[in-house]
Amino acid sequence: MRKVLMILVIGVLLGILSACNKSSDGESSSGGGGGAATYPVTLGAFKDFSCTSNWTNRDSALGLKAYSGSGTCKARFPGVSGKYRMTVTVQTEFDGRPFYNVSINGAVVNSGTYPVSSSLGCDCPKDWRTVCPDIDVDFDGGIQQVNTGDVIQFYGKEQFACSGNGAYAKWHRIAFTPVQ
């Protein structure tokens, strides 16, 4: 009797785990099944994108290597085809306003320059991490039609506004939230 009860409990737990099989890392997720239903999709800069060789970890964000100019990162959209509000999360710096753009299948759908993280700008002291720290900012990329397998591309170009100090187009993720 005890063995039967144990097998029954294990079976129920496996069924629950199977039904709840979804990503919990907050970095990359997509929904499937259910026909036309769409789910939020987050593509993480480190985890989901393949990038040109001049990108690196800069202060916990993906940023360009110093003096490398510009670079691109690409990922395929894993979600269900539909309309999504796109949000691009970047990491601003005190010492420049790098240019960025996001394209879907080669067509630019969002572009601009980063704001600076501090009004002190180039006058920020050497202990910038305390006085003028980087700040994460979400850019609204508007509502986009995105289809399963579309190529999402992030382009960034570094800027050197403060004699030798640069802003390296640091970024974290591109999120897609379904809209009606």
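**Exercise 1.** Is Pro78 buried, partly exposed or exposed?

*Solution.* Keep in mind that we're working on a predicted model.
- Step two, take its relative accessibility, which is 37%.
- Step three, compare with the cut-offs: buried means under 20% and exposed means over 50%. Pro78 falls in between, so it counts as partly exposed.

**Exercise 2.** Work out whether Thr92 is buried or exposed, and list what it touches.

*Solution.* 
- Start with the element: Thr92 belongs to strand S6.
- Next, the accessibility: Thr92 comes out at 1%. Buried means under 20%, so Thr92 counts as buried.
- Now the contacts, skipping neighbours within four places in sequence: Thr92 meets Tyr114, Pro115, Val116 and Ser117, along with Asp134, Ile135 and Val137.

**Exercise 3.** Describe the largest pocket: its volume, its lining and the classes of its residues.

*Solution.* 
- Volume first: the largest pocket holds about 150 Å³ of space.
- Then the lining: 13 residues line this pocket, and Glu93, Asp95, Trp128, Gly166 and Tyr168 lie nearest its centre.
- Which elements give two or more residues to that lining? Helix H3 (128–131) and strand S12 (165–167) do.
- Finally, sort by class: the lining has seven charged, three polar and three nonpolar residues.

Terms used. Residues numbered from 1 in each chain as written. Predicted model: local features only at pLDDT ≥ 70, side-chain atom pairs only at ≥ 80, totals over all residues. Heavy atoms only, no water. 1 Å grid on protein atoms, 1.4 Å probe; cavity = no way out; pocket = protein on both sides within 12 Å on 5 of 7 lines; lining within 4 Å. Points joined across faces, edges and corners; volume = space filled by probe spheres on them. Helix = DSSP H or I, 4+ residues; strand = E, 2+ residues; numbered from the N terminus. Nonpolar A, V, L, I, M, F, W, Y, C, P; charged D, E, K, R; others polar. Buried < 20%, exposed > 50% of the residue type's maximum accessible area, 1.4 Å probe, protein only. Contact = heavy atoms within 4.5 Å.
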